[in-house]
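I opened this notebook to keep track of what I looked up, entry by entry. The sequence and structure come next, and my notes follow them.

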Amino acid sequence: MDKELEQLRQVFEGSQVRVEKCGIGKVNAALGAQRMINEFKPDCIISSGCAGGNGDDIEVRSMVVSTALAYHDVYCGTAIDNSTQYGQVQGLPARFPADESLLSKAIELRESSQEMTRMIKPGLIVTGDWFVDTREKMAEIISKFPDARAVDMESAAIAHTCYLSQVPFISFRVISDVPLSDNHAQQYHDFWAQVAAQSFMLTRTFVEML
């Protein structure tokens, strides 16, 4: 989104990092990622933006770093075989793993201080073309992915694209709201009004470690 792009451009001003906006949703995310791969041949792609959070230790401004990524709104059925899982595109992994090297750096950053340990939460990120603005929507997603730490609209689609193009990928998602504790998306609106500034600095700290 424009709001996320504005934050990230400020964070990476003067650096050698290419910052691009893909737009909202899975198709925009995949097209944006493929365009970057084709035009710039990046060493890696990092998705950075906001997401809804899930878990007792997840709060607004936590940073979820992907250990794996999956779609929460894909169902291919069992017509071909019985091994396809909910969320899996047949012929592809049920979950796209984050790049091991990038993830190890993220874990290293997490373990660098008590503050980083408190802020950085490794885990599963699930993606779908829903804006999760009610407890009911979040509860439906979590019923199928109880280990999900964050829910967004882009990360798994970028992971899917990077998997096919063999480009290392990881996602950093700052938590803007925790829908199971907020039924009116008020936390999300408050995030942008009050605490978004500097919420993406952790992404730059991570990039500087690479």
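Which residues does Met 209 touch, not counting residues up to four places away in sequence? I looked this up in what is a predicted model, and I found that Met 209 touches Lys 105, Glu 108 and Leu 109.

**Entry: Met 209 and Lys 105**

I placed Met 209 in helix H8 and Lys 105 in helix H3, which covers residues 100-110. The two residues are 104 apart in sequence, yet I read a C-alpha to C-alpha distance of 7.2 Å. For Lys 105 and Leu 210, which are 105 residues apart along the chain, the C-alpha separation is 7.4 Å. As for accessibility, Met 209 is partly exposed because its relative accessible area is 22%, and Lys 105 also counts as partly exposed, at 26%.

I then went to Ala 30, which is found in helix H2 and counts as partly exposed at 24% relative accessibility. Ala 30 touches Ala 157 and Thr 161, with residues up to four places away in sequence not counted. I also recorded that Ala 30 and Glu 154 are 124 residues apart in sequence, while their C-alpha atoms are 7.9 Å apart in space.

Is helix H6 mostly covered or mostly open? I found helix H6, residues 155-165, to be mostly covered, with eight of its 11 residues buried. Among the buried residues of H6 are Ala 157 and Thr 161, the two that Ala 30 touches. After H6 comes Gln 166, whose phi is positive, near 60°.

**Entry: positive phi values**

I kept in mind that most residues other than glycine have a negative phi. Against that background I noted Lys 41, whose phi is near 45° and which is not a glycine. Lys 41 lies in the loop between H2 and E1 and is exposed, with a relative accessible area of 61%. Arg 61, likewise not a glycine, has a positive phi of about 85°; Arg 61 has its place in the loop between E1 and E2 and counts as partly exposed at 40% relative accessibility.

**Entry: Thr 84**

I looked up one further loop residue, Thr 84, which is found between E2 and E3. Thr 84 counts as buried because its relative accessibility is 14%, under the 20% cut-off. Leaving out residues up to four places away in sequence, I found that Thr 84 touches Cys 76, Gly 77 and Gln 90.

**Entry: aromatic rings**

How many aromatic pairs does a search of the whole structure find? The search gave me five. One of them is formed by Tyr 71 and Phe 96, an edge-to-face pair with 6.4 Å from centre to centre and 85° between the planes. Tyr 71 lies in strand E2 (residues 63-71) and Phe 96 in strand E3 (residues 96-97), so the pair ties together parts that are 25 residues apart in sequence. I found both Tyr 71 and Phe 96 to be buried, and I recorded that they form one aromatic cluster together with Tyr 163. In a separate check I saw that the charged end of Lys 144 sits over the ring of Tyr 86, at 5.1 Å from the ring centre.

**Entry: the largest pocket**

Last, I turned to the largest pocket, for which I have a volume of about 810 Å³. It is lined by 33 residues, and the closest to its centre are Arg 18, Val 19, Glu 20, Met 36 and Ile 46. Helix H1 (2-11), helix H2 (26-40), strand E1 (45-53) and helix H8 (201-209) each supply at least two residues of this lining.

Which element gives the most to the lining of the largest pocket? I found H2 in that place, with six residues. Sorting the lining by class, I recorded 18 nonpolar, seven polar and eight charged residues.

Key:
Residues numbered from 1 in each chain as written. Predicted model: local features only at pLDDT ≥ 70, side-chain atom pairs only at ≥ 80, totals over all residues. Heavy atoms only, no water. 1 Å grid on protein atoms, 1.4 Å probe; cavity = no way out; pocket = protein on both sides within 12 Å on 5 of 7 lines; lining within 4 Å. Points joined across faces, edges and corners; volume = space filled by probe spheres on them. Helix = DSSP H or I, 4+ residues; strand = E, 2+ residues; numbered from the N terminus. Nonpolar A, V, L, I, M, F, W, Y, C, P; charged D, E, K, R; others polar. Phe/Tyr/Trp six-rings, centres within 6.5 Å; stacked < 30°, edge-to-face > 60°. Buried < 20%, exposed > 50% of the residue type's maximum accessible area, 1.4 Å probe, protein only. Lys NZ or Arg CZ within 6 Å of the ring centre and 35° of its normal. Contact = heavy atoms within 4.5 Å.
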